[in-house]
Amino acid sequence: MSALQAYDVILAPVITEKSSMASESNQVVFKVRRDATKPEIKAAIEQLFKVKVLSVNTILRKGKTRRFRGIKGRTQDVKKAIVKLAEGDKIDVTTRI
């Protein structure tokens, strides 16, 4: 996997209170492409950040129905990946990818 392909899989880090609590147990949360598989996510994280990934869990959050000026619409579905890192490895998500 080239670096450009890895950047296509990993879209952005998720910085929330819940993801900050997960970082205490050596986990990092990323927003990923909806069609990305767990092996692709693992390979992209290991290549971009030079860390050892133990496991990858994914969540597909369905989009919400919204109204704008009486017209119904729907927000996009979002896929998130919770990546568990090996002991001693660390990713600083406050820096840019």
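From the N terminus on, the elements of the chain run α-β-α-β-α-β-β-β-β. That makes three helices and six strands. Helices (H or I, at least four residues) and strands (E, at least two) are DSSP runs, numbered from the N terminus. The model is predicted: local features need pLDDT of at least 70, side-chain atom pairs count only at pLDDT 80 or more, and totals for chains, interfaces and linings use all residues. Residues are numbered from 1 along each chain as its sequence is written, and side-chain values use heavy atoms, with hydrogens and water left out.

**Overall dimensions and burial**

- The C-alpha trace of the chain spans about 50 × 30 × 25 Å along its principal axes.
- The chain has an accessible surface of about 6,900 Å². Carbon and sulfur atoms hold 52% of this surface. Areas come from the Shrake-Rupley method with a 1.4 Å probe; for residues, only the protein chains shown count as cover.
- Of the 97 residues in the chain, 28% are buried. Buried means under 20% relative accessible area, exposed over 50%, and partly exposed in between (1.4 Å probe, protein chains only).
- Among contacts in the chain with a separation of 6 or more, 60% link residues 24 or more positions apart. Contact means heavy atoms within 4.5 Å.

**The four-stranded sheet**

- Four strands form an open sheet in the order β1-β2-β6-β3, with antiparallel pairing. The edge strands are β1 (10–13) and β3, each of which pairs on one side only. Neighbouring strands of this sheet are turned by 35° against each other on average, direction ignored.
- Two strands pair if DSSP finds at least two bridges between them. In general, strands of a sheet pair through backbone hydrogen bonds, either parallel or antiparallel.
- Strand β2 is joined to β6 (residues 78–85) by six bridges, and the two run antiparallel. Gln27 stands opposite Lys84 in β6. Val29 faces Ile82 of β6 in the same way, standing opposite this residue.
- Strand β3 (residues 53–61) also pairs with β6 in the antiparallel sense, over eight bridges. Leu60 has Lys79 in β6 as its bridge partner.
- Helix α3 (residues 38–49) lies across β1, β2, β3 and β6. It runs at about 125° to β3. Axes are lines fitted to C-alpha atoms, for helices over the stretch in contact, and angles run from 0 to 180 degrees between N-to-C directions.

**Two asparagines**

- Asn26 is found in the loop between α2 (17–23) and β2 (27–32). It counts as buried because its relative accessibility is 18%.
- A polar atom of the Asn26 side chain lies 2.9 Å from the backbone oxygen of Ala86. A polar contact is a pair of N or O atoms within 3.5 Å; within protein, one must be able to donate a hydrogen and the other to accept it, and residues adjacent in sequence count only if both atoms are side-chain atoms.
- Leaving aside neighbours within four places in sequence, Asn26 is in contact with Val83, Lys84, Leu85, Ala86, Glu87, Gly88 and Asp89.
- Asn57 sits in strand β3. Its relative accessibility is 41%, so Asn57 counts as partly exposed.
- Not counting residues up to four places away in sequence, Asn57 touches Lys38, Lys80, Ala81 and Ile82. Lys38 is 19 residues from Asn57 along the chain, and their C-alpha atoms are separated by 7.5 Å.

**Positive phi in loops**

- Most residues other than glycine have a negative phi.
- Lys50 is not a glycine, yet its phi is positive, near 55°. This residue lies in the loop between α3 and β3. Lys50 counts as exposed because its relative accessibility is 67%.
- Arg69 also is not a glycine and has a positive phi of about 55°. Its loop lies between β4 (65–68) and β5 (71–74). At 76% relative accessibility, Arg69 is exposed.

**Salt bridges**

- A salt bridge is a side-chain nitrogen of Lys or Arg within 4 Å of a carboxyl oxygen of Asp or Glu. The count comes to two by this rule.
- Asp35 bridges to Arg33, with the closest N and O atoms 2.7 Å apart. Asp35 is exposed at 54% relative accessibility, whereas Arg33 is partly exposed at 30%.
- Arg74 and Asp77 meet through their side chains at 3.7 Å, N to O. Arg74 is exposed, with a relative accessible area of 54%, whereas Asp77 is buried at 17%.
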